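Open the viewer and keep the selection tool at hand. Each stop below tells you what to pick next and what is there.

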Amino acid sequence: MKQILLFFSFLFPFALIAQTQTVDFNINPTSFDEDEEITITVSNVDPTAWDNVTDPDNLYLWAWYYDSNGDQVSTYTGNGDWDNSNESHKLTNNGDGTYSYTLTPTTFFGDTGISQLGILVKAKDGTGDQKSQDFLYYVGKVTLIITAPTSNPTVVASGGDLTISAYMQSGGSQVVGSFEVFFNNVSVASGSGYPTYGTTLTNITEAGTVRIEGSPFSSSDIGENSFEVSLEPTVTTEEMPAGLEDGINYNESDPTKATLVIDAPNKDFIYVAGSFNNWTESSSYLMKKNTTGTKFWLELTGLTSGEIYTYQYWVYALNPVADSPQLVKTADPYSTLVLSPFDDPWISENTFPDLTTTYAYPDGQEREVTVLQTNQSDYNWQVTDFTGPTEEDLIVYEILIRDFDADRNFQDLIDKIDYFKNLNVNAIELMPIMEFEGNESWGYNTSFHLALDKFYGTPDKFKELVDTFHQNDIAVILDVALNHAFGRNPMVRMWMDDPDADGWGDPSSENPYFNEVATHSYSVGSDFNHQSAYTQYYVERVVKHWIEEYNIDGFRWDLTKGFTQDCTSGDDSCTNSYQQDRVDILKQYADYSWSIDPDHYVIFEHLGTNAEEQEWANYRLDEGKGVMMWGKMTSEYNELSMGYTSDISGMGYENRGFTGKRLMGYAESHDEERLMYKNLQYGNTTNSSHNVTELNTALSRMSAIGAVSLTIPGPKMIWHFGELGMENSIYTCSDGSVNTEDDAIDGNCKLDTKPQPQWDNDWLSDTNRSQIYNDWARINELKISEDVFEGSYSINSGNLTPKIYIWDDAIASTELKNVVVLANFDVTSQDVTPNFPYTGTWYDLMDETGATSINVTNTTNPITIAAGQFKIYGNQTSTLSVDDIILDKNFIKLYPNPTANSFRLTKSTELVEVFDVMGKLIKSFNGDFTENDSFNISELSKAIYFVKIYTAEGIGVKRIIKN
């Protein structure tokens, strides 16, 4: 290590040269970094030779340091005073004429960026220059920096030359010394240089390793660095077999083969390296280039059927743009399963069995690798012809799997199928489950859009989830983030700026998929260019994969505002205004989805101007299609739930200018604050007997929120556990504290994993919470099964007693054709003028027996509604009511009800049919049955069913609860 001996100290104006003693200093280790512990040993010292020394057996360390710019730092005060050194700085007297002191520079000085350490030893009272000479030490081991070539490995044509330059650095400063260059461990050049050393290797005819060693003149320390040299190969140009897609193409007739395809403009050659060739570059695994275009391809042979292999593409560009690497090692952009060294070690074996054995990440590699396996067994789908509900009937339940249950995996949802079934939702929408960066994430930081994230489970387990929900008449919709991707994405990394050569970077000017700078004002990650044909192909492959491989029923497209190329990153006005290119490309993607599945749900999270949303919502509506638009109404409904006036007319599709019922309105979503949290924080407190900031009072108001939102014609959405009155703030931190939106974006805890009180505290057994669940379940049941809720509507709001009128004039008056929803969000009881459309008997549709009704003689006679409560009236009872039968309701009885195994009837029957709430026939009993016969339904799942009974006198319908 370089040592600088200073015989004169300018730090102390009272220095007396005559009393300065020259001593020997030794530092162990001789080369050290600022955060490493060192021991300073002093020898050849005689304190008794100093004048006026009262304590000759003790020495004290006096120290100072310099920052990375070489400037002395004057803020250090730990030494004490010159005439009274800090006792903690006393050296240990070793008893053999030596003294020692151990320290770690960063801890000792309480700082970082330390380039030099200055020390001397002194008497406790240094007056009269009772001290040694000063010593300065460079801090930091010698490092050797290679400045040329800039890529590792670097590619050289056979017989070509290679220019090399390097320098040495210690403690943040360059140091002078000698250099030696080795190629494949043979010395080929040497010399000295300052500030840099350079040489040229000529006539290179083999690949290998260049190693450079540097030795400073000032120490015995040695720094070294190396890089790999590859010879430019000869790429075979050959027409790619017909019918191949980017990614893995399995040979259906020969499981020992698979063909890999990658589209790589501006790249010169690509090797496939994997477990099948010991992760080496080999001419046998040099990809061929197609005769036209920019695609590379390679057929793998000799594979073992069913064996799990892993691989990467090692992608070379001989002359990339500045700061872009010559070589990028990356997984396949079209991977359907990847292994990650960053995430996999923390994934539970219960969630993804054999992840550390059968699927173990290969030793010696870096970043993600792609899994390849021929002759995979097919999942045995139980439902192969699922037909989802119409868009008008959709009640979507949005879920973040991570925060749904304790295990945070697909199995949690499968185990809770009865929870969804009994709530009578008919679709779930999963926040992104594609391979994202990290494990505990919302999933919008997607890196591989075709790969399932292993943190939630295996591909077969996800197929089981889809199959289970389809068996229960519940559609499965995926949230997909195709506005952007993040740094692990292969298409970002293959064409990136990487000036620090750490293997990460942002898109370069060569990138065929991504913009260098986002072309809208809501950018996260790297921004896709959706006008690029490469991006469009990729997006359509993503759509196709999830529909065909997993039978997914629809997509919710995240952040569709970002799909324009015509704005800039800081221009909100442009981003939020009509953009024709955005309208057109999103129509193209919708068309592609419908070309694969004509009934595919297409949902855009645009939250923008009506002009674009109208165009999408009304697109191909005459064919029964049309794009559903997310309809955020959180603030408006929260005002009501808190007890303040609000206008909720925006929940209606007509308010947005939509022709069809394509507004997926919601009062809560994953991205908004919980209604209940704000109820408890800011609710109306003017009535002490109905104080909205009290938990049970706030909960009692949530049923009414469902009544004035879910009933409005058109698709609706529920954010998980709103039906149980979840009150945890969206800004709840993992430690249970609560931050706010105004806190630093990376510290407001919005993305933190949330607690699980709904299961831990058994909220379904809490009467205040289960009331919301049961009320919403009944409302959902009515909406899905009664045709009137697909009809017309009007919303009377802007006050605390909103009214909703729903009707369908095409329905006969003997059936349910008019519905009136009344609610009181005041904190006191109110007499609400109902304005029924006509007089007569009106039935309380929340009464499942159909027995509760009122006789309306004057349509404006007020109805008293308690604070926070609601009423739903119909001109007829619902066909879902327990005793609403074609025969007299007392004609036949069903018992026991609820039942666990079987039921009986009080009349002889000819045919008994059991239907689920969606009207699907589940089971039938055909024969001559008497009152003594029982009907076994023990195999059915816990749920609500309807029993249709055929007798000689007529037909009846009974509702039964299977528990």
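A salt bridge here is a side-chain nitrogen of Lys or Arg within 4 Å of a carboxyl oxygen of Asp or Glu. By that rule the structure holds 39 salt bridges. Keep in mind that this is a predicted model.

**Stop 1: salt bridges across the chain**

Select arginine 662 and glutamate 392. Their side chains meet in a salt bridge, 3.3 Å from N to O. Arginine 662 sits in the loop between H10 and strand E43 (663-666), while glutamate 392 sits in the loop between E30 and strand E31 (395-399), so the pair ties together parts that are 270 residues apart in sequence. Are these two residues buried or exposed? Both arginine 662 and glutamate 392 are buried.

Next, pick glutamate 435 and lysine 454. Here too the side chains meet in a salt bridge, at 3.7 Å from N to O. The pair links distant parts of the chain, 19 residues apart. Glutamate 435 is in strand E33 (residues 434-436), and lysine 454 is in the loop between strand E34 (446-452) and helix H4 (459-471). Glutamate 435 and lysine 454 are both buried.

**Stop 2**

Move on to helix H4. Select lysine 461 and glutamate 464, which lie three residues apart, about one turn of the helix. An α-helix has 3.6 residues a turn, so residues three or four places apart point the same way. The closest N and O atoms of lysine 461 and glutamate 464 are 2.9 Å apart, in a salt bridge. Lysine 461 is partly exposed, at 23% relative accessible area. Glutamate 464 is partly exposed as well, at 25%.

Then select Asp479, Arg556, Asp558 and Glu605. Salt bridges with shared partners join these four residues into one network.

**Stop 3**

Select residues 610-617, which make up helix H9. Which of its residues are buried? Color Glu612, Glu613, Trp616 and Ala617: these are buried. Now look down the axis of H9. The buried residues fall within an arc of 125 degrees, so they line one face of the helix. What do they pack against? Show helix H8 (580-596), strand E41 (601-604) and strand E42 (628-632).

Stay with E42. Four of its five residues are buried, so the strand is largely enclosed by the rest of the structure. E41 and E42 run parallel, joined by two bridges. To see a bridge pair, select isoleucine 603 and its partner in E42, methionine 628.

**Stop 4: asparagine 638**

Go to helix H10 (residues 634-642) and select asparagine 638. Asparagine 638 is buried, with a relative accessible area of 2%. Leaving aside residues up to four places away in sequence, asparagine 638 touches Arg674, Leu675, Lys678 and Asn679.

**Stop 5: proline 341**

Select proline 341, in the loop between strand E29 (338-339) and strand E30 (369-372). Proline 341 is partly exposed, at 27% relative accessible area. Beyond residues up to four places away in sequence, proline 341 touches Trp346, Tyr361, Arg367 and Glu368.

**Stop 6: a surface patch**

Finish on the surface. Select Val176, Tyr194 and Phe217, a nonpolar patch with about 340 Å² of accessible area together. Valine 176 lies in the loop between strand E16 (173-175) and strand E17 (177-183). Valine 176 is partly exposed, with a relative accessible area of 37%.

Note on methods: Residues are numbered from 1 along each chain as its sequence is written. This is a predicted model: local features need pLDDT of at least 70, side-chain atom pairs count only at pLDDT 80 or more; totals for chains, interfaces and linings use all residues. Side-chain values use heavy atoms; hydrogens and water are left out. Patches are made of residues with over 30% relative accessible area and no salt bridge: like charges are joined within 9 Å, nonpolar side chains (Val, Leu, Ile, Met, Phe, Trp, Tyr) within 5 Å. Accessible areas come from the Shrake-Rupley method with a 1.4 Å probe; for residues, only the protein chains shown count as cover. Buried means under 20% relative accessible area, exposed over 50%, partly exposed in between (1.4 Å probe, protein chains only). Contact means heavy atoms within 4.5 Å. The arc is that of the directions from the helix axis to the C-beta atoms. Two strands pair if DSSP finds at least two bridges between them.
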